[in-house]
Amino acid sequence: MNEQEKQRLAKNAKARQKLIDDPIGERARRALLARNWRKNHPDTSRKFNRERKGTGELSDDSKVLFYGYKEPLRKFEGGFGYSGVLRYSKDKDKVECHFCGRLFRAINNGHLMKVHSLTAEEYKEKTGLAQTTALVGEGTRLKLLERGHNPNYLEELKKAQERRRERIAKGLPDKQSGHKLSLERKNQRGTCPDQLLAIIDRTIKSYGRVPTEEEFLSFHSGKYMGSIRNTYGTWTNALAKLNQRPNNVKYTPEYLIEEMQNFYSVHKRTPRYSDMERGLLPPAAPYYARFKHLNDARLRAGIPLIIRYGRKSEEWMPTPNERTKMLSKI
Ligand SMILES: [Zn+2]
C-alpha cells in the first residue's frame, strides 16, 4: 500500500467517524434550520416578497384621475372604478386595477394571472376596455415608446382610430383583434401553443407517466411553465388538451424510502441527488421536505450512505450497530 492510499483511507475513516458521531452534519443542520425558519416565517419567504412587490398600493379615490373619458360613467360592478375606463393617478403615474383597486405602473400579465386568473385580453373584455388600450400609466407609456421599437406608434394609432371611426360611420362592423405576442415570435421562442403541448407530451413519454408539476419544473430547470400558464392558464388545463389528467402524487415518507430501496436493488448502488433530478426517483424536493438529509433517508432505507471527504464522495454501509447509533441521533 503506498503513501497516497494510506492517506486516503485515513481520511475516509475520519469522515466515517464524523458521520457516526454527527449524522446530520453542520451544513445540513444549518440548511434545515433555515428551511424551518422560512416555514414558520412565511412573510419573509421569497414567494411572499415577490407577491408583495406586485400588490401595489391602494388607490386614494380623490387622487385618481381619468384619462379623457366623457361622463356619465358606469360603475364597474365587479370591483373598482368604472367600466370602459382606465383610472390613472397622474402624480404617481400609476393605473388602477379594476379588480383589486391597487395602483400599478403597469397592470401586467403576472399580476392579472396570479391574483385574478385573467389574461390581459380577458381583463379588457370584462372591464369594457378596448383591446388596444395599454394597461400602463401615461408616463410609463411614453417611456416605453421612447425605448420602443416603433416611434411612429402614436401616429399609426391615430390613423387606425380614424379608419375605425370611418368604418363605424359607414355602418361596417367594428373589427378589432387583440394584440398578442405573434405566433411567429412564439414559434421562434419554442413557446407557441402546439410546441408547448409537444414538450409536455415528450416529458410524459420520458417519464412513462404524467409528471407532477414539481417534476416537470425540475426536468426543464424551470423553463416553459410560465408560458404554459400564460397560454393555458394552468398546468391542469394544458394536460386536458392532451387528454391527460394531473398526477397529484403525495409522497409519503414510506413511499420515498421504498423507492430508494428499489433503486438500490435495481442499480446496485445508492441513489444520489442527480438520480432524482434525472427522474429515476421521485424529485429531491419531497425528500428534503420529509427528511433532514438524503443520508437520513438512506439510513432509514437501510442502504449505503454517501460520505464526503475533500472533493471525494464514497458509498459506505454502516454496520447494524453503527446504524442504530446514528438513528438515535437523528
Ligand atoms: Zn388587481
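**Local packing and pairing in the predicted model**

In β7, the residue standing opposite Arg308 is Ser313. The model is predicted, and this pair belongs to an antiparallel arrangement in which strand β6 (residues 305-309) is joined to strand β7 (residues 312-316) by 5 bridges. The two strands form a hairpin with 2 residues between them. Within the turn, Gly310 adopts a positive phi of about 60°.

A positive phi is also found just after helix α5, where Gly128 has a value of about 75°. Helix α5 itself spans residues 120-127, and its buried residues are Ala120, Tyr123, Lys124 and Thr127. These four positions lie on the same side of α5, because they cover an arc of only 95° around the axis. An α-helix has 3.6 residues a turn, so residues three or four places apart point the same way. The partner of the buried residues of α5 is helix α4 (109-116), against which they pack.

A further helix contact involves α13 (residues 253-267) and α16 (residues 294-301), whose axes come within 9 Å. The axes cross at roughly 75°, and the two helices are therefore roughly perpendicular to each other. On the α13 side, the contact is made by Leu256, Ile257, Met260 and Gln261. These residues meet Ala297, Arg298, Arg300 and Ala301 in α16. Classified by residue type, the contact of α13 with α16 comprises 5 nonpolar, 1 polar and 2 charged residues.

Definitions and conventions: Residues are numbered from 1 along each chain as its sequence is written. This is a predicted model: local features need pLDDT of at least 70, side-chain atom pairs count only at pLDDT 80 or more; totals for chains, interfaces and linings use all residues. A residue is buried if 20 or more other C-beta atoms lie within 10 Å of its own, exposed if 12 or fewer, and partly exposed in between; C-beta atoms are placed from the backbone. The arc is that of the directions from the helix axis to the C-beta atoms. Two residues are in contact if their C-beta atoms, placed from the backbone, lie within 7 Å. Two strands pair if DSSP finds at least two bridges between them. Axes are lines fitted to C-alpha atoms, for helices over the stretch in contact, and angles run from 0 to 180 degrees between N-to-C directions. Angles under 35 degrees count as roughly parallel, over 145 as roughly antiparallel, 65 to 115 as roughly perpendicular and the rest as oblique. Ala, Val, Leu, Ile, Met, Phe, Trp, Tyr, Cys and Pro count as nonpolar, Asp, Glu, Lys and Arg as charged, and the others, Gly among them, as polar.
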